[in-house]
Amino acid sequence: MTYHFSTVMNGPFEDAVEATKAMLKQHGFGVLTSIDVQTTLKEKLGVDFRPYRILGACNPQMAYKALQAEDKIGTMLPCNVILQDRGDGTIEISAVDPVASMQAIDNPALGEVAQKVREQLKAVIDGIAAMVR
């Protein structure tokens, strides 16, 4: 089992970020955090790195259900979605597979929530893929 879903799109990096945020919103997710890895690595380490953004996405209803099922699940929230410039004019967009990331937790109620979130995040990635076809 893979731990992520991915698709690739062409165009400017910031356009891909905005399209991803819009698709997340369309599927019930808000973006709680946005980490610009390229800028952070430049500021902290003085190194050059490709454009790479980590979006911390949260579906409040699903987060609430997960927290009710497992009180320490917050260690795995929010769901991360990344965008990275592949250097060939394409941007790769990847979302975590919550079912894969929560396999170690023996809690059937949490498994049901993870499956629903998986379906929603997969729909986000599939929606982005459909936009570029």
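I start with a definition: a disulfide is a pair of cysteine sulfur atoms within 2.5 Å. This is a predicted model, where local features need pLDDT of at least 70, side-chain atom pairs count only at pLDDT 80 or more, and totals for chains, interfaces and linings use all residues. Residues are numbered from 1 along each chain as its sequence is written, and side-chain values use heavy atoms, with hydrogens and water left out.

**Cysteines.** I looked for disulfides and found 0. I then checked burial (buried is under 20% relative accessible area, exposed over 50%, partly exposed in between; 1.4 Å probe, protein chains only). Cys 58 is buried at 17%. Cys 79 is buried too, at 10%.

**Salt bridges.** My rule is a side-chain nitrogen of Lys or Arg within 4 Å of a carboxyl oxygen of Asp or Glu. The count comes to 7. I took helices as DSSP runs of H or I, at least four residues, and strands as runs of E, at least two, numbered from the N terminus.

Glu 18 pairs with Lys 21, with the closest N and O atoms 3.9 Å apart. Both sit in helix H1 (residues 13–26), 3 residues apart. Glu 18 is partly exposed at 46%, and Lys 21 is partly exposed at 27%.

Asp 126 pairs with Lys 122 at 3.1 Å. Both lie in helix H5 (residues 108–131), 4 residues apart, about one turn. An α-helix has 3.6 residues a turn, so residues three or four places apart point the same way.

Asp 71 and Lys 72 meet at 3.0 Å, N to O. Both are exposed.

**Helix H2.** Asp 36 caps the N-terminal end of H2 (residues 37–45). Its side-chain oxygen lies 3.3 Å from the backbone nitrogen of Gln 38. Just after H2, Gly 46 takes a positive phi of about 70°.

**Largest pocket.** I worked on a 1 Å grid over the protein atoms alone, with a 1.4 Å probe; a pocket is an open set of points with protein on both sides within 12 Å along at least five of seven lines, and lining residues have an atom within 4 Å of a point. The largest pocket has a volume of about 190 Å³. Strands S1 (4–10), S4 (79–85) and S5 (90–96) each give two or more residues to the lining. S5 gives the most, with 4. Among the lining residues are Tyr 3, His 4, Ile 82 and Glu 92.

Terms used:
Points joined across faces, edges and corners; volume = space filled by probe spheres on them. Polar contact = N/O pair within 3.5 Å; in protein donor to acceptor, adjacent residues only side chain to side chain.
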